[in-house]
There are 2 protein chains.
Amino acid sequence: MSHIAITELLKGTVAVDSQVTVKGWIRTRRDSKAGISFLAVHDGSCFNPIQAVVPNSLNNYDEVTNLTAGCSVSVTGKLVESQGQGQAFEIQADTVEVIGLVENPDTYPMAAKRHSIEFLREHAHLRPRTNVIGAVTRVRNCLSQAIHRFFHERGYMWISTPIITASDCEGAGEMFRVSTLDMQNLPLTDKGDIDYAEDFFGKEAFLTVSGQLNGETYASAMSKIYTFGPTFRAENSNTSRHLAEFWMVEPEVAFADLEDIASLAEDMLKYVFKAVLDERRDDMEFFAQRIEKTAISRLEEFVEKDFAQVDYTDAITILENCGKKFEFPVEWGVDLQSEHERYLAEEHFKAPVVIKNYPRDIKAFYMRQNEDGKTVAAMDVVAPGIGEIIGGSQREERLDVLDARLEEMGLHKEDYSWYRDLRKYGTVPHSGFGLGFERLVAYVTGMGNVRDVIAFPRTKGNANY
Amino acid sequence: MSHIAITELLKGTVAVDSQVTVKGWIRTRRDSKAGISFLAVHDGSCFNPIQAVVPNSLNNYDEVTNLTAGCSVSVTGKLVESQGQGQAFEIQADTVEVIGLVENPDTYPMAAKRHSIEFLREHAHLRPRTNVIGAVTRVRNCLSQAIHRFFHERGYMWISTPIITASDCEGAGEMFRVSTLDMQNLPLTDKGDIDYAEDFFGKEAFLTVSGQLNGETYASAMSKIYTFGPTFRAENSNTSRHLAEFWMVEPEVAFADLEDIASLAEDMLKYVFKAVLDERRDDMEFFAQRIEKTAISRLEEFVEKDFAQVDYTDAITILENCGKKFEFPVEWGVDLQSEHERYLAEEHFKAPVVIKNYPRDIKAFYMRQNEDGKTVAAMDVVAPGIGEIIGGSQREERLDVLDARLEEMGLHKEDYSWYRDLRKYGTVPHSGFGLGFERLVAYVTGMGNVRDVIAFPRTKGNANY
C-alpha cells in the first residue's frame, strides 16, 4: 500500500514538500470563488481530517465539486505547511481519484450534521464514521492496548477462560442458555424433562458470567494471570450502565492479599489513564469540548492523587454522621448504593477510594473470611464521577473455611470439586479483581451510556448487526 | 508483595549475594546424606524452577523434608551462583515457610511423573502445573501479546465485534442458539411455531462464527482494524484441529487488495514467530526436546524464507503433473485438501505458500469477483508441517456485483441491508483474513491437538470446568 495514514502527516513525521498519497472519506467540501476546492479527508487514524487543496486545473475538477460527505477518495499531492489556522499541514492536490460515491447524499444517514446519540445507535454500522464514535473507538483501542501492556510488562499471562460453561459453580441465575437442541422437537427423558444429555455438550450449558473461578486455577500454577474477554448477563436492566454482553478484565494473583490487589488496581487504572492522556490527546480534547467538560482534568487528577482507603465499617460511620439525607438509609450490614459511594469519593475523600472489608453476608462465597467473623476481605474501588469501577477480593484459600461457608450458604460441595482441589493441593493466598471494560471506556470518554462505547451493543430486545 | 519472580533471578537481573524471597510450588525435593535438602521451586514465570539449598540447621527442617510435589512455599535466602550444572543461580535458604501442603501426595494427580496428554486433559484445572501445559501457556501468552503489538504498532484498532448475533448474514448452519426461553414451557405463536419475539433479544440469536462482516463496517471508517475474540462452531468434528469455541484474529483493511493482505499475513506470522523465538527460548527448547524435534528450526526457517505465491490454477497444474497419487483426486474446481496443500508447501515450494484466486463456486459470497468470471480474489496461507493457517480475501466492494452474486446464490438482499450500505456509501476496496489462534499455538508448540493449547477446551460432549 503506497498511501500514508493521515495521523503521520498531521504529526509531522513526513518532510514538508514530500509527494504523498492519502486515502479516506470526505468529511466536508468547500469551493472558493477563485476556483479552488478544499476537501477535508478523514481516514480514522486520528481525530482530525487533513485538508486537501484542489485547484480547478485538475481534469476531473467537475467530479471533485460533486463530492459529498462520506465519498471515498485517493488524493495525491505535495505536503505543505498550512496557511490557514487549525492545523499545521495540508496537501496541494495533483490528483483526486474518486473511489466511491454516496448514493442519494440527501438521505445519507451520516451526512455532515449533528446527530442524536440515539439516532447513531440505530445506525451502528455507520456510526464509527462520526467524530464522536470514531473518537470512542480510538480511545477504547488505546485503553485495551494499555491493559494488555500493563499486565504483560509485569509478567502476567493472558488466559482465555471459557465462554461456554456447564460448570455448576456459576449459578444459573441470569445466564443465557447455549444449545443446539431442535426447539420444535425437544428430546425428553422418561420423566418428561428436557433431556440435556442429547444437547451438544451432553448437559445444560450457559454463557459465562465471569472468568474468575477458572482464572484461579491458572493463578495456582502461573502465579500471575489475567483474563480479558466477553462475559454475559441475561439481565432485563434497561440502564445506561448495563449490557447483556460486555468485556471484563480479571487479574488473579497468587501470594497476593487484599492490600496487594488494591495496589494493583490503583497502578493499573493510573497506567491506562496516563496512556490515554499521552496517546489520545486529540480525542480527549473533543470529549472535553463536547461531551464532558472535565474529561481531561478528572483523568489528570486521578493519575496524580493517591487513592484513599477506608474500611467499610468506617465508611458507614462517615455516612451516618455526614448529615446528608440519602435515598437509601445507611446502617452497618447494607450494601453501599451509588449515592453513598459517590458521596465518599466526591465529597468526603475527594479522591478515588478503596472501600475494604465488607459484611460477609452481602458478598460471594469465595471471599476470604476475616478474623472478626463478620466481614470478608473484599474491596471496591470507587471514583469521583462514576462510583464503583472495580470490585475484588482476597479468595478463601482455607479448605475447611471454604467448605463451612459453602454449607452455610446451602451450596453443594460436590458442585465445586475442581475449585476445592485448588485448596487441597498446594493452596496459596490469592486475590483478584474484576473491571467492566465498557464502564471504564464510558468513564474515560464521558459518554453517558455504555451502549455507545462498544461497537454493537447487546441489550434486552436488541442483537442487531 | 515483597517476593520476586523466579524468571528475574534466573535471568540474572538481581545481584548475586542479594537477600531474596521467592514464592511458588515444589517440583521436586532431594535430601543429601550430609543433611541438606534441595528444593526445586517453580512459580510459572519461566520454564525452569530455581533450586533452594536448605540446610538441616533450619528450625523446621523436619517439615521441609516432608515437602512433596505441588506443596506451596515461601523461601528466603541469599542468591548465589550455582555450583551444580543446569542453571546459573540458586538460593541458600535461611527460611522455608510452608504455605500449603498436598493432601494425600500419593494420589495427587500432578505428582512428579510423566502423564499422558489425555490424562492431563481430564484434569484441566491442574494441568497448568505441568511442564508441558505451563510452557504452552507462556507461549500462547507470548503469541497473543505479539499479535496485539504487531497490529497496534501499525495503527490498527482492536474492535470487539459481537459474540451474540441475530444477524441473518452469518447463516445459521452449525451455530449455537442463545436463549433465555423456558425450555419446559416454550411460548408459541398462533401458528404453533416457537415465538422468538418472546426471547431475550426479541428474535432468534446465535453465537458468532466470525467477526468479519462486522469488522468490515469499522474498516469502512477507521481504515485498519482487527478483531481478536472467541468464535463458535457447533460442529460434531472429533478431530485434533477442531474446537466448538476458539479464538480468531481477523484484520480488515480498507484500500487494501489481495496482494496487500497477503503481505500483511506474511509480516504478521513472521513477527509473532520471531517474538516467540526471542522471548520464549526456554519453552521452545522444551518443545523441541520433547514434543516436536523441529519446533525451533521450522520457526527459524519460516521467519527467514520469503513466502512463495501461486495461483490456484497453477497449483492445480503442479499437482496434476507431480506424479504423486493423492487420496482426493485433483482437477480445476475442487477445493484443495490438506494433502494437496502440504505437498505444495513441503515438497514443491519448500516454503510457506500463498495460494490465490480460487474458483468462485467453492468460496463465500462476499469475495471479490475476478475479471475472468471464474475466480475470486481469495487466498490461503499454507505452511509446511501444518497446512492451511490463514484464509482471507479481497471483499466485493461493487454493489451491483455483490447483489448479482447474492441472487445467484439464492441469498436475500434484504438480509444484508447493513452490509450493502457499506457499498452504497463511500465504498472502498478492502481485504482481510482470518487466523485460528489455537491452530497457530498448536503449530508453534508442536502440540498435536488444539485441545491442549486452550485452557478449557469445548468440544462435542465436553464443557467441563
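In which loop of chain A is A:Arg368 found? In this predicted model, A:Arg368 belongs to the loop of chain A that lies between strand S13 (353-359) and strand S14 (375-383). The residue has a relative accessible area of 17% and is therefore buried, since the cut-off for that class is under 20%. When neighbours within four places in sequence are left aside, the contacts of A:Arg368 include A:Thr375, A:Val376 and A:Ala377, and they also include A:Gln394, A:Arg395, A:Glu396, A:Glu397 and A:Arg398.

In chain B, the elements around strand S13 were examined in turn. Seven of the seven residues of S13(B) are buried, so the strand is largely enclosed by the rest of the structure. Strand S12 (residues 308-311) of chain B pairs with S13(B) in the parallel sense, over four bridges, and within this part of the chain B:Ala308 stands opposite B:Val353 in S13(B). The pairing of S13(B) with S14(B), by contrast, is antiparallel and runs over six bridges; here B:Ile355 has B:Asp380, in S14(B), as its bridge partner.

Helix H10 (residues 338-348) of chain B has as its buried residues B:His340, B:Glu341, B:Tyr343, B:Leu344 and B:Ala345. The cover over these buried residues includes helix H9 (312-321) of chain B, together with three strands of that chain, namely S13 (353-359), S14 (375-383) and S15 (387-395). Just after H10(B), the backbone at B:Lys350 takes a positive phi of about 50°.

A further residue of chain B, B:Glu266, lies in helix H6 (residues 258-279). Its relative accessibility is 13%, and because this value is under 20%, B:Glu266 counts as buried. Apart from residues up to four places away in sequence, B:Glu266 touches B:Lys305, B:Asp306 and B:Phe307. For B:Phe307, a polar atom of the side chain of B:Glu266 lies 3.2 Å from the backbone nitrogen. B:Asp199, on the other hand, is 67 residues from B:Glu266 in sequence and 44 Å from it in space, taken from C-alpha to C-alpha.

The two chains were then considered together. In chain B, 113 residues are in contact with 114 residues of chain A, and the area buried between the two chains is about 9,300 Å², with carbon and sulfur atoms giving 63% of it. More than any other three residues, B:Met183, B:Phe200 and B:Tyr425 contribute to the area that chain B buries against chain A, supplying 9% of it. Across this interface there are 37 residue pairs in polar contact, counting pairs in which both residues have pLDDT 80 or more, whereas the count of salt bridges between chain B and chain A is zero. On the side of chain B that touches chain A, helix H4 (residues 131-153) gives the most, with 11 residues. Sorted by class, that side of chain B has 59 nonpolar, 36 polar and 18 charged residues.

Strand pairing also links the two chains, as strand S8 (residues 177-179) of chain A is joined by three bridges to strand S8 (residues 177-179) of chain B, and the two strands run antiparallel. Within this pairing, the bridge partner of A:Val178 is B:Val178, which lies in S8(B).

Technical notes
Residues numbered from 1 in each chain as written. Chains lettered and ligands numbered in written order. Predicted model: local features only at pLDDT ≥ 70, side-chain atom pairs only at ≥ 80, totals over all residues. Heavy atoms only, no water. Buried < 20%, exposed > 50% of the residue type's maximum accessible area, 1.4 Å probe, protein only. Contact = heavy atoms within 4.5 Å. Polar contact = N/O pair within 3.5 Å; in protein donor to acceptor, adjacent residues only side chain to side chain. Buried area = accessible area lost by both parts, 1.4 Å probe. Salt bridge = Lys/Arg side-chain N within 4 Å of Asp/Glu carboxyl O. Nonpolar A, V, L, I, M, F, W, Y, C, P; charged D, E, K, R; others polar. Pairing = 2+ DSSP bridges.
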